[in-house]
Amino acid sequence: MGSYLEMAFDGIEFFLCGVLQISAAYLLLRPLEALRPIEVWRDRQAVRVDVLYSLLDRLGIIPLLVFALLAPLFASVDSWLRFNDIIPPQLEDLFPSLETRPLLSFVIYLLILDFSEYWRHRLSHRFRWWWALHAIHHSQRQMTLWTDSRNHLLDDLIGGAWFALIALFIGVPPGHFIGLMVAIRIVENLSHVNARLSFGWLGERLLVSPRYHRWHHAVDLPEGRQFRHGCNFAILFPIWDRLFGTQYMGAGLPPTGVHSAALASPEHADHFWVQQKDGITGLAAALKASLQAQRR
């Protein structure tokens, strides 16, 4: 089984990074939620299922599933590219000076990946079949630091494939890959936190804050401020929303969630497998409606 050593090493590294992420989120962000909560709930059953999602996601169980399903595809793509003498160029190849500036290289890769994540996120609201899966994430009315990982497994699979393919295409070095994922996930934990936390006028325009992202999860936007498929899709940097006309800088802290009509089941139970089933049901209904529309 020696051929699995390298994979096992990478898996352990990913697991340990997940432990650090969960520990940091709980130790730093949970006190903020307790001291300055936006909302206080007596029944936190809905939050508990998000904790389960976070453990599955951060400790590598869901990523392991994604890897197992996608590894053959990536191996085939990589082999085909190499067989045809196509080597995706790295930034360091285009700009040799970055070889001695790893931090600058990391930041540039982060900007490129965040730009791609903005469009993945925006498209998940645009297509009805994709929204049927992504609505699981938005259905949470008790949004906390744990809500970031609340995703349908199929949505995670799509997101993992998107991120990995973009990283492969732009030639992200292996040493940067996990660091980039950790940086994105830490900010995502922060942006979902149930705490009155302001970054100030300038900070809110430089980095996605809890207030900024809360408007993305709002049940409704104020009259006259509606966007066709939502607003504030940026993951890290609000500049993408600004450039592409999807930014809303609301001052309040709105209630979160979606209307029941957006879900497959009117009574959307706060249980992992029920949510997974509802996502598949909604996906099938959306695809069926699309096929019927094409036949007319």
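This is a predicted model: local features need pLDDT of at least 70, side-chain atom pairs count only at pLDDT 80 or more; totals for chains, interfaces and linings use all residues.

Biologist: How do you know that the end-to-end span of H7 agrees with its 18 residues?

Modeller: Helix H7 covers residues 153-170, and at 1.5 Å a residue it should span 26 Å. Its end C-alpha atoms are 26 Å apart, so the two agree.

Biologist: Which residues of H7 are called buried?

Modeller: They are Asp155, Asp156, Gly159, Ala161, Phe163, Ala164, Ala167 and Ile170. Each has under 20% relative accessible area, so the word buried applies.

Biologist: What makes a group of residues a nonpolar core?

Modeller: The members must be buried, of nonpolar kinds, and joined through side-chain atoms within 4.5 Å. The largest such core has 21 residues, and Tyr109, Leu110, Leu113, Val172, Leu180, Ile184 and Leu236 touch the most other members. Helices H5 (102-126), H7 and H8 (174-191) each supply at least two residues of this core, with the largest share, five residues, from H5. A second, separate core has ten residues, including Ile22 and Val47.

Biologist: What makes up the lining of the second largest pocket?

Modeller: A residue counts as lining if it has an atom within 4 Å of a pocket point. There are 20 lining residues, and Trp131, Ala218, Val219, His229 and Gly230 lie nearest the centre. The lining divides into ten nonpolar, eight polar and two charged residues.

Note on methods:
Residues are numbered from 1 along each chain as its sequence is written. Side-chain values use heavy atoms; hydrogens and water are left out. Helices (H or I, at least four residues) and strands (E, at least two) are DSSP runs, numbered from the N terminus. The expected span of a helix is 1.5 Å times one less than its number of residues. Buried means under 20% relative accessible area, exposed over 50%, partly exposed in between (1.4 Å probe, protein chains only). On a 1 Å grid over the protein atoms alone, a cavity is a set of points where a 1.4 Å probe fits but cannot get out, and a pocket is an open set with protein on both sides within 12 Å along at least five of seven lines; lining residues have an atom within 4 Å of a point. Ala, Val, Leu, Ile, Met, Phe, Trp, Tyr, Cys and Pro count as nonpolar, Asp, Glu, Lys and Arg as charged, and the others, Gly among them, as polar.
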